[in-house]
Amino acid sequence: MIERKERKPYWRHTKWQMLASLLPFLAVIVVLPLYADTLNANRFLGFPLGYFLSLHGIVFIAVITVATFVNRQDAIDHWHGAHEDL
Amino acid sequence: MTLAQRTRLVNPRLGTYFGIFMSAFAALALLSLIFEGLGAPGAALRWLMFAGPLILYAVIGVAAFTRDPIDYFAAGRRVPAFYSGLVLSQTAMGATGLLALAGAFFVIGFDALCLVIGGLAGFVVMAVMLAPFLRKFGAFTIASYLGRRFDSRILRIFAATLLAVPVLLMLAAELRMGAFAASWLVPLSPLVITAVLVAVLVVSLGAGGMRSLTWSATAQSLASLIALLVPVTIVAVLVTGLPLPQLSSGPVLRLLGRAEAAQGLPLILPPALAFDMPGEGLSPIAKRYSDALGSVGPAAFVLMMLSTMAGIAGSPWLLPRVATTPGVYEARKSLGWATFLFGIAMLTLAAGAIFMRDYVMDIVKAPGPTNIPEWFNQLTALQVAAIDTEGQHLGVTSFSLRRDAVLMILAIAGGLPSAVLHVAAAGAVAAALAAAGAATVALGNLLAEDVVYGLSWEPAPAGMRVAIARTALVAAAVLGGVIAHSAPTDPLRLMLWSLALTGSTAFPILVLSVWWKRINAFGATAGLVVGFSVAVLAILGREAGWIELDSALAGALGIPAGLLATIAVTLLTPPPSRHALELVRELRVAGGEVLYDREVRLQHRRGRHLD
């Protein structure tokens, strides 16, 4: 069980982790498709680059984002003693 | 040690069970392939592929019968992360996603990405901002969560009634799409097929609610993944020689791009808010495949993406699944699986659309007079394709395909045995059942838990509680069937409205209820009502012709309105009580007791003291 005085640092840590996970991801998905046409001039594996990055790239980034989030947030839980003791 | 304890409750034979299901499903498909080769009548084989899987799902659902509320509402909180993630990803996709998005990729190429990226981002946002906290809270419906979190019965009832609307739209969309997919297998009228699907939902889900839904939807999700992967992979092997369509479609796309340029497909510069999704019915190719933002304007693309993201992240038919995982860590992990599997599905859909375009392009690319291939005549006879012979000569835009049939057409165009076509159709029916089932259970639980018992914090005695939930579930399924039959609207449109409404109604207050301590019941109620009303007005306003904004983009008005209303009303009213503050502080910590269970227990004890 988490100690009362650990709650604040735990939540600060969690908040920063949330921002670190979401902001880069959201920036990429909003900005990348808008520049896809420019990137399409190049090719990768036969795909136009803009299309490749907007589809395969974003899937890759999403999976990495969630995977690192799960890993990091679990570490934060353990660091502050906030993990589940089932 | 921790690992062993975490997985303590999980049934160790799950893998075996679903291995058996997969073998049975594969055996059905292979038997159908063998009998087809031996010259058995096609109708019998199609009935086999239609009824066989439905019986399997119903058996799984009935076998998960339960009388225990925790089993009925949360599948006993022992669904491992992978299974949860699998079901989440395929439920979010559903038959509407599977069939209509394949068609959308075929018609408008790149621009269909706004929907799938939105769905993917929805899972990321759900994983980071909502899922762990909702799991910690452990409520069975979104309305119960909001009611308990803000200690407000009014909010609970409002949330249940308003959220029932998008859930119902989603249910109707999936049933309509399921009926369309099933019409490839059996020659029944849409009304009869819808009735059969509703009956399957009632039989399989009525037995065990969320428990039945979890395990039958796991089987359905496996079937729908197979339905997508098998035809596209076989076509990829035929066209490129590699069984990896997601990557090997690249060189095909390169040649396709050249052919499209040679055909003179237009480069479109749309207005910023243009949103030109293909409708239900026949559509020709609208623009070059990889050309970005031709049918959907740049602003509409971003708004649609963010609105879909909010809709998926806050959807009342996906979020209750989080409560079925064994713990907060598993809840986060299940969203990781959901993101991964949703990503695989979207890559495969896009690859399938590329191959389909390639087949159509092959018709017109050959020099000399255009020969219409046999498969295209077959499609014209089925009324899922048409040739426009008005012009001087046949170009690629003279060929129209029915949007929702593209995945099945791909199997026909590739010259695959009809067993593959039937697997694709059976998988789409499965996807429809998985998504419609999630919507039915969510709607039934909203009605039973938050409307019928909304005014009392104390849940009914276990037997009564489950009985009422079963009745509400049957009512929800029938209601969905009636709406699906009586409102002939494009399922993709219904899904987009449903996501716009959920995004506007639930998403802002769900996020703020975790991440903003100051939020109070007044603010949350205001945000809920304002977000919903603005989104509904935007949809109706567009349909009546008052505003220009496409009705699918209603979330672009509803979400900010809900957010602003929540913040403004919260700041104008007194801060939340100490009890609410203590609750949110505990909600934010991963470890410790499930809050909902504790609240109910304390309620119970208090109630007994009063007696």
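This is a predicted model: local features need pLDDT of at least 70, side-chain atom pairs count only at pLDDT 80 or more; totals for chains, interfaces and linings use all residues.
Contact is taken here to mean heavy atoms within 4.5 Å.

W457(B) is placed in the loop that runs between helix 16 (418-452) and helix 17 (462-486) of chain B. Its relative accessibility is 10%, and because buried residues are those under 20%, W457(B) counts as buried. When residues up to four places away in sequence are not counted, W457(B) touches G147(B), R148(B), D151(B), S152(B), R153(B), R156(B) and Q603(B). L443(B) stands 14 residues from W457(B) along the chain, and the C-alpha atoms of the two are separated by 19 Å.

Two of the residues touched by W457(B), G147(B) and R148(B), are also listed among the buried residues of helix 7 of chain B. This helix, residues 142-150, is mostly covered, with 9 of its 9 residues buried. Besides G147(B) and R148(B), the buried residues of helix 7 of chain B include I142(B), A143(B), S144(B), Y145(B), L146(B), R149(B) and F150(B). Just after helix 7 of chain B comes D151(B), whose phi is positive, at about 50°; D151(B) is likewise one of the residues in contact with W457(B).

The largest nonpolar core contains 246 residues, and within it F275(B) and M356(B) touch the most other members. Helix 13 (residues 328-365) of chain B supplies the largest share of this core, 21 residues. For M356(B), the residues touched, not counting those up to four places away in sequence, are F106(B), W375(B), L401(B), V406(B), I409(B), L410(B) and A413(B). Another core, of 7 residues, lies apart from the largest one, and its members include I2(A), V328(B), V589(B) and A590(B).

Two helix pairs of chain B may be described in turn. In the pair formed by helix 10 (residues 209-240) and helix 11 (residues 245-263) of chain B, the axes come within 10 Å and cross at roughly 40°. Helix 10 of chain B is therefore oblique to helix 11 of chain B, and the crossing of these two helices is left-handed. On the side of helix 10 of chain B, the contact is made by L229(B), V232(B), T233(B), A236(B), V239(B) and T240(B). Helix 11 of chain B contributes P245(B), Q246(B), S248(B) and V252(B). By class, the residues of this contact comprise 6 nonpolar, 4 polar and no charged.

In the pair formed by helix 18 (residues 491-505) and helix 19 (residues 507-515) of chain B, the packing angle is about 35° and the axes are 3 Å apart. The residues making this contact are T502(B), G503(B), S504(B) and T505(B) from helix 18 of chain B, together with F507(B), P508(B) and I509(B) from helix 19 of chain B. They divide into 3 nonpolar, 4 polar and no charged residues.

Positive phi values also occur in loops of chain B. R77(B), a residue other than glycine, has a positive phi near 50°. R77(B) is located in the loop between helix 4 (69-74) and helix 5 (81-108) of chain B, and its relative accessible area of 7% makes R77(B) buried. Q383(B), also a residue other than glycine, has a positive phi near 60°. The loop that holds Q383(B) runs between helix 14 (374-381) and strand 2 (385-387) of chain B. With a relative accessible area of 65%, Q383(B) is exposed.

V116(B) belongs to helix 6 (residues 113-137) of chain B and is buried, at a relative accessible area of 1%. Neighbours within four places in sequence aside, V116(B) is in contact with L101(B), F105(B), F342(B) and M346(B). From V116(B) to G279(B) the distance is 17 Å, C-alpha to C-alpha, and the two are 163 residues apart in sequence.

In chain A, S21(A) is placed in helix 1 (residues 7-31). S21(A) counts as buried, at 6% relative accessibility. With neighbours within four places in sequence left aside, S21(A) is in contact with T65(A) and F69(A) of chain A and with V128(B) of chain B.

Key:
Residues are numbered from 1 along each chain as its sequence is written. Chains are lettered from A and ligands numbered from 1 in the order in which they are written. Side-chain values use heavy atoms; hydrogens and water are left out. Axes are lines fitted to C-alpha atoms, for helices over the stretch in contact, and angles run from 0 to 180 degrees between N-to-C directions. Helices (H or I, at least four residues) and strands (E, at least two) are DSSP runs, numbered from the N terminus. Angles under 35 degrees count as roughly parallel, over 145 as roughly antiparallel, 65 to 115 as roughly perpendicular and the rest as oblique. A crossing is left-handed if the near helix is turned anticlockwise from the far one by less than a right angle, and right-handed if clockwise. Ala, Val, Leu, Ile, Met, Phe, Trp, Tyr, Cys and Pro count as nonpolar, Asp, Glu, Lys and Arg as charged, and the others, Gly among them, as polar. Buried means under 20% relative accessible area, exposed over 50%, partly exposed in between (1.4 Å probe, protein chains only). A nonpolar core is a set of buried Ala, Val, Leu, Ile, Met, Phe, Trp, Tyr and Cys residues joined through side-chain atoms within 4.5 Å.
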